[in-house]
Amino acid sequence: MTDLTIIWAGIIGFAIIAYVVMDGFDLGIGILFPFFKVGKDRDAAMNSIAPVWDGNETWLVMGVGGLLAAFPLAYAIILPALYAPMIAMLLGLVFRGVAFEFRWRDPAHREFWDRAFTLGSIVATFAQGIALGALLQGITVEGRAYAGGWWEWLSPFSLLTGAGLVVGYALLGACWLNWKTEDALQRQAVTYAGRLGILLLAMIGAISLATLTLEPQYHQRWLSFPGVLATAQVPLATVIVTFLFYRSLRLKRDAQPFLWALALFGLCLVGLGLSIWPDVVPARVTIWEAAAPHRSQVFMLVGAAIMVPIILAYTAWSYWVFRGKVGPDGYH
Amino acid sequence: MIEQDWAILLARIQFAFTVSFHFLFPAFTIGLASFLAVLEGLWLKTGKGVYANLYRYWLKIFAVVFAMGVVSGIVMSYQFGTNWSVFSDKAGPVIGPLMAYEVLTAFFLEAGFLGVMLFGINKVGRKLHFVATLAVALGTFISAFWILSVNSWMQTPAGFEMGANGQFLPGDSWLPIIFNPSFPYRLVHTVLAAYLTTAFAVGGVGAWHLLKNRQNPGARKMFSMAMWMAAIVAPIQVVAGDFHGLNTLEHQPVKVMAMEGHYQSHPDGAPLILFGIPNSKEKRVDYAIEIPKASSLILKHDPNAPLKGLDTVPDADEPPVGIVFWAFRIMVGLGMAMVGIGLWSLFARVRRRLYDMTWLHRAAVAMGPSGFIAVLAGWVTTEVGRQPFTIHGLLRTADSASPLDAPAVAASLLAFVVVYFAVFGMGIWYLLRLMKKPPEAHEAALDGMPIRSAGITPAAAVIEGEGA
């Protein structure tokens with residue numbers, strides 16, 4: 001019998017990757033928004049994501065809904081542990097989500113909703129980063145429940161991962177605008193992408209090193225022989241991808257910098273997977289301990305096997321409809 | 001109260017607050033998406049410009065409502081875990097997959113086609129755009145299907161086994177779980193409620209503009225369509241509600257006792273209490289105005305049939321009677337008023353004065369928000385009526401909450417209240433502002449979209465003729 005628990009861990013992992021790939025750049029545009037000129041540039045930046053942000057955000061619901069369905073125990077432990085960052089993220093998403101509509105509905109207060117868009121995007125991103133850091137540094141679990149206080153998530157490390165994700169999403173946002181816009185806005189985006197790339201690499205380095213000190217499990221995974229021969233490929237690949245990223249920027253490619261920036265994120269997620277596998281609550285609960293019963297797994301797998309390819313197909317179609325460069329009046 | 005009780009009470013208030021706010025938006029979008037699909041379908045079929053104009057008029061409103069529904073809905077999907085983690089751990093194997101199906105079959109469908117629906121008509125053509133509208137409408141319905149299945153399972157749990165670790169586990173088949181005893185009734189009742197909510201909102205807007213200008217063709221058309229819905233769907237809803245009530249009597253009799261205000265058992269036929277003030281301390285309804293034996297007649301179809309009261313239930317298993325009693329009366333009262341408006345509009349139509357009866361229009365304006373209030377009142381009736389359980393009869397609310405400190409929940413509740421009132425308050429104000437504008441013959445598309453010529457007249461002009 002194949003182990004459906006591993007397949008479900010893979011599906012949740014896929015949802016997280018899909019979320020970062022798709023929502024990362026539109027949160028990033030929110031983070032960078034105040035730096036764009038009021039008027040044409042801001043409208044173009046907003047229009048480049050207006051038709052797709054809602055679908056992108058659905059992957060966040062897929063991730064957490066999938067977690068509830070496939071690993072209910074993990075869902076029940078993680079969310080109370082991350083109470084404050086999760087509430088902050090949700091409220092941030094409220095502000096930025098409505099800003100897409102409200103800024104057009106109320107030109108007199110557009111400045112206000114633009115700020116709400118930025119602040120909401122930063123808070124949501126920062127909270128996601130903090131959540132990641134808090135999980136990595138280990139949460140207090142007793143029996144089937146979280147047993148720490150309501151500030152346990154707060155640490156220098158979690159603040160560092162929070163900041164790292166803000167930089168990372170901002171990079172994705174800048175690369176997306178390089179791809180999707182023209183003229184001055186595009187040039188501005190390229191400049192930002194170059195600087196954010198360096199900043200992100202510094203962040204990745206710092207977070208990686210700090211991670212090694214958190215739990216013996218991580219240290220052992222990464223540095224003990226012969227495992228190190230495999231794990232060393234991740235930083236090596238990071239160097240190569242970084243080189244390709246900057247080369248594509250220099251060659252003024254449209255889509256390539258975005259794709260290489262995504263590859264950078266991909267490598268971070270691979271590194272994360274190597275650290276925590278096979279845990280769903282890092283260093284606390286394994287995927288098998290938290291797994292839903294076989295019947296739940298089978299039932300959902302039927303749905304996922306049929307629906308995920310269909311979802312990806314019409315998502316791709318929607319991106320295809322809104323392909324090419326965007327202007328202040330929407331897609332050309 | 002000890003701190004744990006405070007934490008649970010605050011968590012309950014927070015859930016009630018966030019879900020009530022959220023529910024307003026899908027209650028509107030479910031109906032509005034279908035309305036838009038009908039408008040676009042009629043436009044495609046007849047080529048009449050009035051349908052295209054109404055489509056655009058309501059699409060702008062839909063976009064705002066939908067955005068608020070999305071962001072308030074994401075909150076709900078997290079809140080099961082942040083605040084009700086013990087419930088999530090125990091019920092997750094059963095309800096988790098149903099919610100996952102909601103995401104897979106509904107949320108992505110709505111969100112994936114929304115972009116094309118809002119911004120894509122110039123890009124994909126009329127037919128494909130109609131498909132996108134249909135997909136969004138279908139998505140809203142599928143979403144209602146799954147989430148009401150989950151809710152119904154919490155009301156009338158079926159098809160499960162108890163695991164050694166205290167979890168509810170699915171049995172051999174998922175059908176008894178999905179189609180649990182109260183689900184078909186709740187689904188029909190709730191979806192009809194969403195349609196009626198939309199019909200009265202649309203009718204109210206149409207009536208408002210008829211009061212200003214009886215000749216506005218858009219206002220006439222939307223008012224007429226809304227009044228057809230009121231005349232046809234409101235009576236059906238009364239019947240559906242009656243069936244739902246009988247189903248509740250069978251599976252959750254205690255909830256019906258609270259709805260009826262029956263503190264005492266009535267061995268020879270129970271009275272129907274129209275109004276009164278439930279007094280849970282003295283276990284009676286003060287100042288009751290009642291019709292003898294009518295409750296037995298409605299619930300048992302026999303005026304002398306015995307009906308048990310709350311005296312047969314331990315106090316610890318009773319829901320708060322006052323809230324359920326009043327919420328139920330508000331819902332039923334508004335439902336009856338809806339039927340009344342529907343009949344009135346039929347009368348006006350027969351007399352060929354549908355667009356001229358000022359008092360009908362005023363009444364329709366007053367009834368514009370009635371659907372939202374009725375939906376919330378109905379929701380309170382069924383949810384508060386389920387107390388003190390999260391999973392009826394099996395898992396108590398007090399045993400379902402996350403191990404959180406009361407100050408944490410108090411802080412988040414405060415944040416939700418402030419943000420929701422501010423943000424959604426603004427949103428609702430924007431909606432009212434959009435509704436205040438009369439539908440025009442050159443109804444503009446969404447802002448941020450390329451708009452060149454604005455000609456929908458002559459009738460043959462098409463939307464895609466206006467784009468880049």
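Two residues are in contact, in what follows, if their C-beta atoms, placed from the backbone, lie within 7 Å. By that criterion, the contact between the chains takes 61 residues from chain A and 59 residues from chain B.

Before going further, a word on the source. This is a predicted model, in which local features need pLDDT of at least 70 and side-chain atom pairs count only at pLDDT 80 or more, while totals for chains, interfaces and linings use all residues. Residues are numbered from 1 along each chain as its sequence is written, and chains are lettered from A and ligands numbered from 1 in the order in which they are written.

Let me return to the interface. On the side of chain A that touches chain B, the elements giving two or more residues are α2 (40–49), α3 (53–70), α4 (72–81), α5 (83–105), β2 (145–146) and α14 (294–321) of chain A. Helices here (H or I, at least four residues) and strands (E, at least two) are DSSP runs, numbered from the N terminus. The largest share of this side, 15 residues, comes from α5(A). By class, this side of chain A has 40 nonpolar, 12 polar and 9 charged residues; Ala, Val, Leu, Ile, Met, Phe, Trp, Tyr, Cys and Pro count as nonpolar, Asp, Glu, Lys and Arg as charged, and the others, Gly among them, as polar.

Two of these elements also pack against each other. The angle between α3(A) and α14(A) is about 175°, and their axes are 13 Å apart; axes are lines fitted to C-alpha atoms, for helices over the stretch in contact, and angles run from 0 to 180 degrees between N-to-C directions. The two helices are therefore roughly antiparallel, a term for angles over 145 degrees. Gly55(A), Ala69(A) and Ala70(A) of α3(A) meet Ser296(A), Gln297(A), Met300(A), Thr315(A) and Ser318(A) of α14(A). Of the residues in this contact, 3 are nonpolar, 5 are polar and none is charged.

Strands β3 (residues 272–279) and β4 (residues 284–291) of chain B run antiparallel and are joined by 6 bridges; two strands pair if DSSP finds at least two bridges between them. Phe275(B) has Ile289(B) as its bridge partner in β4(B), and Ile277(B) stands opposite Asp286(B). The hairpin has 4 residues between the strands.

Finally, the cis peptide bonds. Most peptide bonds are trans. In chain A, a cis bond joins Trp277(A) and Pro278(A), with omega about 0°, and Pro278(A) lies in the loop between α12 (256–276) and β3 (279–281). In chain B, a cis bond joins Gln387(B) and Pro388(B), with omega about 5°; Pro388(B) is placed in the loop between α13 (370–384) and β5 (389–391).

Key:
Angles under 35 degrees count as roughly parallel, over 145 as roughly antiparallel, 65 to 115 as roughly perpendicular and the rest as oblique.
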